[in-house]
Amino acid sequence: MAVSVKDIPVEKIVVPRSHRTPFHGKIAAMAESLRKSKQLLQPIMVRKSKTSDDKYDLIFGAHRLAAAKLVPWKTIPAIITTMGDLECELAEIDENIERANLSVIEESAALASRKRIYAELAIRGEHPKKPSPPQQATPGFTVNPETPCTSGAVTSEFIADTVATTGLSESTVKRRVAAGETLSAVAVDLLKDTPTGDSQAQVTALAALPKSEQVKVAKAIKSGEADSVKEAIEELQPSANGDQPPEPPSDEDTVPMKLKEKDAKDRILKAKVLKAQTAGKTVEVVPDAVEGTVKGIVKEEDKPAPKKGSKGKKVE
């Protein structure tokens, strides 16, 4: 890997669209420091543009470049590298993990991307070799947490290299890579500047959800509808009181109900028949084929009343 350092005109350096917008407050403070010191302690990193012979693409150092333009400087010290795309992305990620005070969710996504790149370079037989990153960093970087590493587990080589490069502990690397590999890029962007996004426990809980649910939860937290992943999940779940209509009863549930209705109707009918017969009336009972129950039709035919004697006795 070839590396050289020289002063490059600031107007010839192109910042890729994938880089995040630098923080204006940090740019102003850095520009004031450059005015007083009149020097940049740590150079930015660039490489020759693929589309223009006299231009350079920025790899990292967006804040320093913006501050130099604000001073204004006509040129800026820059490391010019001939690294390939993957190695440039890896150098950019390492710079920001180590220097930019990323939130937990951003760092998790960045480490997952670092693992993916490391594995791709290993497949090609290329051991990642990078220049030592400058002491001053820029948070401008783009990662793709949607693409997990091709290897199934975090290898000891990757962990050792990441610990040595970033200064993170082994346990931190493992936890954040595990979360970062399943995080939704949309959820990362929504929560990167929130308290939830800076909590390892919250990020781990979020990463355990399907990506579609992660986005819903992240939107609920970002909008203020919920303060945590657990609360957002509870808010999104339908209430037990009927946000959804109740399921219709099954045939197994309705059969006993029909039998009970039939028994009740039969009891009522028997009572009517008994009452009519007691009153000395003729009763005819016919089945009701439509309802599947017995329906009573009472035909009242008055019997001739018995004759009584003068003392109330029956006359034969």
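This is a predicted model: local features need pLDDT of at least 70, side-chain atom pairs count only at pLDDT 80 or more; totals for chains, interfaces and linings use all residues.
This is a guided walk through the structure shown above, from the whole chain down to single residues.

Residues are numbered from 1 along each chain as its sequence is written, and side-chain values use heavy atoms, with hydrogens and water left out.

Let us begin with the whole chain. The protein chain has 11 helices and seven strands; helices (H or I, at least four residues) and strands (E, at least two) are DSSP runs, numbered from the N terminus. Of its 316 residues, 39% count as buried. Here buried means under 20% relative accessible area, exposed means over 50%, and partly exposed lies in between (1.4 Å probe, protein chains only). Now think about contacts, meaning heavy atoms within 4.5 Å. Among contacts in the protein chain with a separation of 6 or more, 73% are between residues 24 or more positions apart.

Next, look inside. In soluble globular proteins, nonpolar side chains tend to be buried together. A nonpolar core is a set of buried Ala, Val, Leu, Ile, Met, Phe, Trp, Tyr and Cys residues joined through side-chain atoms within 4.5 Å. The largest such core in this model has 21 residues, and Ile8, Ile13, Ile44, Val46, Leu58 and Ile76 have the most contacts inside it. H1, S3, S4, H2 and S5 each give two or more residues to this core. A second, separate core has 20 residues, including Ala179, Leu183, Ala187 and Ala220. Back in the largest core, find Ile13. Leaving aside neighbours within four places in sequence, Ile13 is in contact with Ile8, Ile44, Val46, Tyr56, Leu58, Leu65 and Ile76.

Leu65 takes us to helix H2 (residues 62–70), where Ala62, His63, Arg64, Leu65, Ala67 and Ala68 are buried. What covers these residues? The cover includes strands S2 (13–14), S3 (44–48), S4 (56–60) and S5 (75–81), together with helices H1 (24–37) and H3 (85–99).

How do H1 and H2 pack? Their axes are 8 Å apart, at an angle of about 60 degrees; axes are lines fitted to C-alpha atoms, for helices over the stretch in contact, and angles run from 0 to 180 degrees between N-to-C directions. The two helices are therefore oblique to each other, given that angles under 35 degrees count as roughly parallel, over 145 as roughly antiparallel, 65 to 115 as roughly perpendicular and the rest as oblique. On the H1 side, the residues making the contact include Ile27, Ala31 and Leu34, and on the H2 side they include His63 and Ala67.

Two loops deserve a visit. Most residues other than glycine have a negative phi, and most peptide bonds are trans. In the loop between H1 and S3, Lys38 has a positive phi, near 60 degrees. Lys38 counts as exposed because its relative accessibility is 67%. In the loop between H2 and S5 sits Pro72, and the peptide bond from Val71 to Pro72 is cis, with omega near 5 degrees.

Finally, compare two residues. Lys48 lies in strand S3 and counts as partly exposed, at 42% relative accessibility. Ser113 lies in helix H4 (residues 104–123) and is buried, with a relative accessible area of 0%. The C-alpha atoms of Ser113 and Val177 are separated by 8.6 Å, although these residues are 64 residues apart along the chain.
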